[in-house]
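The report below covers charge pairs, strand pairing and backbone features. The structure comes first.

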Amino acid sequence: VRDRGRIEGGRPMTVDLLGMELTASEDRLLAVYEELKALCDEDLPPIAHANVRAALALMHNVVNGLALRYEHLSDLDV
Amino acid sequence: MLGIIGGRGVVADSPYWNPKTETLGRERLEALQLAKLRVQCEWAGARSPWYRRLFAAEGFDPSSLSTLADVRRVPLLTRDDWMASQSAEPPYGALPTIGGEGAIRVHTTSGTTGRGPLRALDSRKDWAWIAEMWAYAVWGCGVRPTDTAYIAFGYGSFIGFWGLHYAMEKVGILNVPGGAQTTEARVRQIVDFGATVVASTPTYALRLAQEAEQLGIDLEGSGVQRLILSGEPAGSIPQTKALIEQQWGAKAFDTAGMTEIGTIMVFECERQPGGTHIIEDHMIEEVLDPMTLEPVAYGERGERVVTSFGRGAIPLIRYRTGDLVCRVPAATCSCGRGFDIYEGGILGRVDDMKIIRGTNVYPRAIEAIVREFEAVNEFQCLITREGLRDEITLRVEMKPNWGGDEWGPLSEALHNRLALAHEGLNFRVEQAEAGELPRFELKAKRTVDQRDAPIGAGR
């Protein structure tokens, strides 16, 4: 659904679910989302474990709503 | 250390919550729907025991979805299917992709139909999405962070306005939860807190206005500018909507949702084109002939069948809602959204038509006529069988300050209007005592059909 393989000018390029290139803001939003997902794999204290998941649930609204990414997150307990 | 964070961004001055997708043209919107449909079907087939069995039995392979029209190859799901699964494998049935341990909430249907309630699980992500759909409506009807909202809702296990509450918080609106209050207390709080937005069912908006009048509180002179209505089709019945707007001195905006998807699927924008926009970047809404299950054209009535991309815990794919709708193109509205419209909102239920001596009678049509009569406070439509003959009786409760000697002309006018709209069907019109008829906070049930009920039931 999403092309993360293209490289242009040494920088990873991504397109949204409609095949459009991401804007600079969308690129950053997607990076935040991916970072939160990555943090879910970390061994975190309860305060971080819960709040990272709460933040990820909200960020999913952003990337899903902007047609950047659509997936379910049950495997991350989100 | 405390500090002031500088460099706060600016909220775009946009009439749309999500400009990117709300303004998509039809072709791109459908491309987005197809992309999400593939993911949702693959997810459901892999994770939900129900869908795994269903897809295998019907020979459906999610990877075979190549156009949006292929959605019709996915088997339909009914409420009876869901209930049967819930009964066979309590408490949640085989639809969920997770167990209770992976969820953060469970909500139920209202139970007003007399059947057992559906139980719906939500994960953190799903619950965040539920509020997100309400945010489309909140923003779309012009509510902004400077508003103060009052939600006149019981905050129980019925999902109701829970999602709206969280959407208001998300948008940054001061939110007054109006749970566990008497109607009088709610009216006073609305005024005391200076609410500019009130959310309730259409029926309860009228009830609040009645209460305010009895308390001598001038709602028209209050700060309330907008009413967000949901839970009943009446929010899009022009006569009922006009009555609510007149009593509150505010604009009313209709929305509609269902527990099965957890949130709303349609909302009325500020342009108010006479219907509600479908949130099409998060759902596929089909309109089918309920008998043939073939799609109907724009402008024709049919049954709503919804596929939601929101819930991962309980995927809802091609769910027969039983809602009667009439879909028209997005261009019917001048707001610029690409989302199609349900003209007149939810028109009723496919199965709520009553046949009285060969004449079709719809509760919505009766309500539209009764609301033309300002002196009527509450009403009930009673259908009985007397010997071999069906009878329909409209029972009306008048406003307290109504002049009693006008009953004759008023009842005759009601009788004639109802007969004219129903092929000459003879409606009995009776006056009920003040306070005699039931009042409703949620999902008003004003049509009582006693023909199939056991003797003595409903008396």
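A:Arg69 counts as buried in this predicted model, at 12% relative accessibility, because the limit for that class is under 20%. The side chain of A:Arg69 meets that of A:Glu34 in a salt bridge, with 2.6 Å from N to O. A:Arg69 lies in the segment after helix 2 of chain A and A:Glu34 in helix 1 of chain A, so this pair ties together parts that are 35 residues apart in sequence. A:Glu34 has a relative accessibility of 21% and counts as partly exposed. Side chains of opposite charge can pair when their charged atoms come close.

Over all chains, a search of the whole structure finds 45 salt bridges. Three of them are set out in the table.

| Salt bridge | N to O distance | Accessibility of the Arg | Accessibility of the Glu |
|---|---|---|---|
| A:Arg69 and A:Glu34 | 2.6 Å | A:Arg69, 12%, buried | A:Glu34, 21%, partly exposed |
| B:Arg320 and B:Glu303 | 2.7 Å | B:Arg320, 24%, partly exposed | B:Glu303, 4%, buried |
| B:Arg389 and B:Glu391 | 2.7 Å | B:Arg389, 42%, partly exposed | B:Glu391, 6%, buried |

In chain B, B:Arg389 forms a salt bridge with B:Glu391, and the closest N and O atoms are 2.7 Å apart. B:Arg389 is partly exposed, with a relative accessible area of 42%, whereas B:Glu391 counts as buried at 6% relative accessibility. A network is also present in chain B: salt bridges that share partners join B:Arg26, B:Glu30, B:Glu280, B:Arg327 and B:Asp340.

The side chains of B:Arg320 and B:Glu303 meet in a salt bridge of 2.7 Å, N to O. B:Arg320 belongs to strand 12 of chain B and B:Glu303 to strand 11 of chain B, so the pair ties together parts that are 17 residues apart in sequence. B:Glu303 counts as buried at 4% relative accessibility, while B:Arg320 is partly exposed, its relative accessible area being 24%.

With strand 12 (residues 316–328) of chain B, strand 11 of chain B pairs in the antiparallel sense over six bridges. Within this pairing, B:Glu303 stands opposite B:Leu324 of strand 12 of chain B. Strand 10 (residues 283–288) of chain B is likewise joined to strand 11 of chain B by six bridges, and these two strands run antiparallel. Here the bridge partner of B:Glu286 is B:Val305 in strand 11 of chain B.

The loop between strand 10 and strand 11 of chain B contains B:Leu293. Phi of B:Leu293 is near 60°, a positive value in a residue other than glycine. B:Leu293 counts as partly exposed, at 26% relative accessibility. Another positive phi in a residue other than glycine is that of B:Tyr155, near 50°. B:Tyr155 is placed in the loop between strand 3 (148–151) and helix 6 (162–171) of chain B. With a relative accessible area of 17%, B:Tyr155 is buried.

A further backbone feature is the peptide bond that joins B:Pro90 and B:Pro91, which is cis, with omega about 0°. B:Pro91 is found in the loop between helix 4 (79–88) and strand 1 (105–108) of chain B.

B:Trp43 has its place in helix 2 (residues 26–47) of chain B and is buried, with a relative accessible area of 11%. Although B:Trp43 and B:Gly312 are 269 residues apart along the chain, their C-alpha atoms are separated by 7.9 Å.

On the surface of chain A, where do negative charges gather? The patch is made up of A:Glu35, A:Asp41, A:Glu42 and A:Asp43. A:Asp41 sits in the loop between helix 1 (24–39) and helix 2 (46–65) of chain A. At 64% relative accessibility, A:Asp41 counts as exposed, because exposed means over 50%.

Technical notes:
Residues are numbered from 1 along each chain as its sequence is written. Chains are lettered from A and ligands numbered from 1 in the order in which they are written. This is a predicted model: local features need pLDDT of at least 70, side-chain atom pairs count only at pLDDT 80 or more; totals for chains, interfaces and linings use all residues. Side-chain values use heavy atoms; hydrogens and water are left out. Patches are made of residues with over 30% relative accessible area and no salt bridge: like charges are joined within 9 Å, nonpolar side chains (Val, Leu, Ile, Met, Phe, Trp, Tyr) within 5 Å. Accessible areas come from the Shrake-Rupley method with a 1.4 Å probe; for residues, only the protein chains shown count as cover. Lys and Arg count as positive and Asp and Glu as negative; His and the chain ends are not counted. The place of a charge is taken as NZ of Lys, CZ of Arg, CG of Asp or CD of Glu. Helices (H or I, at least four residues) and strands (E, at least two) are DSSP runs, numbered from the N terminus. Buried means under 20% relative accessible area, exposed over 50%, partly exposed in between (1.4 Å probe, protein chains only). Two strands pair if DSSP finds at least two bridges between them.
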